[in-house]
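Colleague: I have a chain to look over before our meeting. Could you show it and take some questions?

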Amino acid sequence: MPSDSSSIQQALQSALTAGAQARLQLPSEGRVHERQARLLAVEPGGLWFEIAGGDARVVDPMIESGARARVFIPLGMHHLQYNGTVLQRLSDFAKPDGTRGWAVRIELPASAALSPRRKHFRIRVAPGDALPTLKIWKIEDRISLADRPLPSSELMIEPIDISAGGMRATVRSKNAAFPLQLSTEQRLRIELCCEKESYLIEARLRHPRRVEPGSESAVVGIEFTNLERDASGRKIASLLNKLIGAIQRKQLRERNAA
């Protein structure tokens with residue numbers, strides 16, 4: 001995959017011309033604030049993104065503390081995903097269309113690299129979207145997926161976005177007596193209850209990140225595994241695709257109505 005600086009700069013310039021929409025995760029005030037943000041400018045060491053005036057209360061404390069944002073930018077067949085320090089905010093930034101408005105500059109680290117785009121379409125879960133009931137447990141590799149897991153291994157889960165290949169979610173320990181302990185590659189057992197049926201999904205934990213140091217909640221990636229292995233897995237994948245399609249249509253109707 002291309003990862004050298006010249007390839008990234010070339011891809012960013014193409015994205016800038018196309019008015020690419022990035023996704024920002026801004027951990028501030030004990031929460032992770034999600035924002036869709038248009039790429040406005042590419043400068044040495046930093047990228048400018050369009051924000052709303054009300055986002056000053058989120059980004060200003062991050063600038064003061066030197067906090068880092070999570071940045072996702074689609075770049076053709078690849079995407080750029082990295083953590084960068086929030087450096088500066090302006091209320092009268094000169095945009096490419098000649099207008100002026102609010103913008104934030106976020107560091108572009110030298111270690112940033114391009115990665116292939118996701119195989120599965122992923123949709124943001126909005127308040128009011130109908131999701132199946134999800135239960136999730138941490139399990140050991142040697143345990144059968146069908147075995148009943150220990151109650152102490154169950155996690156509370158709040159999906160952020162979802163695809164047929166996995167999801168991003170906020171998780172926390174269901175029992176306060178058991179501190180949240182997470183590691184990449186942790187095996188997961190997910191029970192999905194939909195249409196009066198229950199389905200078991202095997203998954204792996206990816207990129208756990210605490211909302212803030214010492215916090216008992218974390219934003220994680222969850223990769224569904226082995227869905228293409230047998231008829232049962234393919235049925236679950238089909239169910240997930242139908243669910244995502246229904247959410248997408250609902251959100252589109254709401255945007256059109258607005």
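This is a predicted model: local features need pLDDT of at least 70, side-chain atom pairs count only at pLDDT 80 or more; totals for chains, interfaces and linings use all residues.

Colleague: How many helices and strands does the chain have?

Modeller: The secondary structure comes to three helices and 14 strands.

Colleague: And how compact is the chain for its length?

Modeller: Its radius of gyration is 20 Å, close to the 18 Å that the globule rule gives for 258 residues, so the chain is as compact as a globular protein of that length. The C-alpha trace spans about 60 × 40 × 40 Å along the principal axes.

Colleague: What share of the residues is buried?

Modeller: Of the 258 residues, 45% count as buried. The chain exposes about 13900 Å², and carbon and sulfur atoms supply 50% of that area.

Colleague: Let us turn to α2. Which of its residues are buried?

Modeller: In helix α2, residues 56-65, the buried ones are Ala56, Val58, Val59 and Met62. They cover an arc of only 160 degrees around the axis, which puts them on the same side of α2.

Colleague: Why would residues three or four places apart point the same way in a helix?

Modeller: An α-helix has 3.6 residues a turn, so residues at that spacing point the same way.

Colleague: What covers the buried residues of α2, and which residues are exposed on the other side?

Modeller: The cover includes the strands β1 (21-28), β2 (31-43), β4 (68-75), β5 (78-94) and β6 (100-107). On the other side of α2, Glu64 and Ser65 are exposed. Just after the helix, glycine 66 takes a positive phi of about 75 degrees.

Colleague: Which residue other than glycine has a positive phi near 85 degrees?

Modeller: That is glutamate 185. Most residues other than glycine have a negative phi. Glutamate 185 lies in the loop between β11 (166-173) and β12 (187-194), and at 44% relative accessibility it counts as partly exposed.

Colleague: Where is lysine 174, and what does it contact beyond its sequence neighbours?

Modeller: Lysine 174 is also placed in the loop between β11 and β12. Leaving aside neighbours within four places in sequence, lysine 174 is in contact with Glu154, Leu155 and Met156. Its C-alpha atom is separated by 42 Å from that of glycine 19, which is 155 residues away along the chain.

Colleague: Is histidine 79 buried or exposed?

Modeller: Histidine 79 counts as buried, because its relative accessibility is 14%, below the 20% cut-off. Histidine 79 lies in strand β5. The C-alpha atoms of histidine 79 and alanine 11 are separated by 9.4 Å, with the two residues 68 apart along the chain.

Colleague: Last one: where does glutamate 216 lie, and what are its contacts?

Modeller: Glutamate 216 lies in the loop between β13 (197-210) and β14 (217-225). At 42% relative accessibility, glutamate 216 counts as partly exposed. Apart from neighbours within four places in sequence, glutamate 216 is in contact with Val171, Arg172, Ser173, Pro179, Leu180 and Arg210. Its C-alpha atom and that of alanine 126, 90 residues apart along the chain, are separated by 23 Å.

How values were computed:
Residues are numbered from 1 along each chain as its sequence is written. Side-chain values use heavy atoms; hydrogens and water are left out. Buried means under 20% relative accessible area, exposed over 50%, partly exposed in between (1.4 Å probe, protein chains only). Helices (H or I, at least four residues) and strands (E, at least two) are DSSP runs, numbered from the N terminus. The arc is that of the directions from the helix axis to the C-beta atoms. Contact means heavy atoms within 4.5 Å. The radius of gyration is taken over C-alpha atoms; the globule rule is 2.2 Å times the number of residues to the power 0.38. Accessible areas come from the Shrake-Rupley method with a 1.4 Å probe; for residues, only the protein chains shown count as cover.
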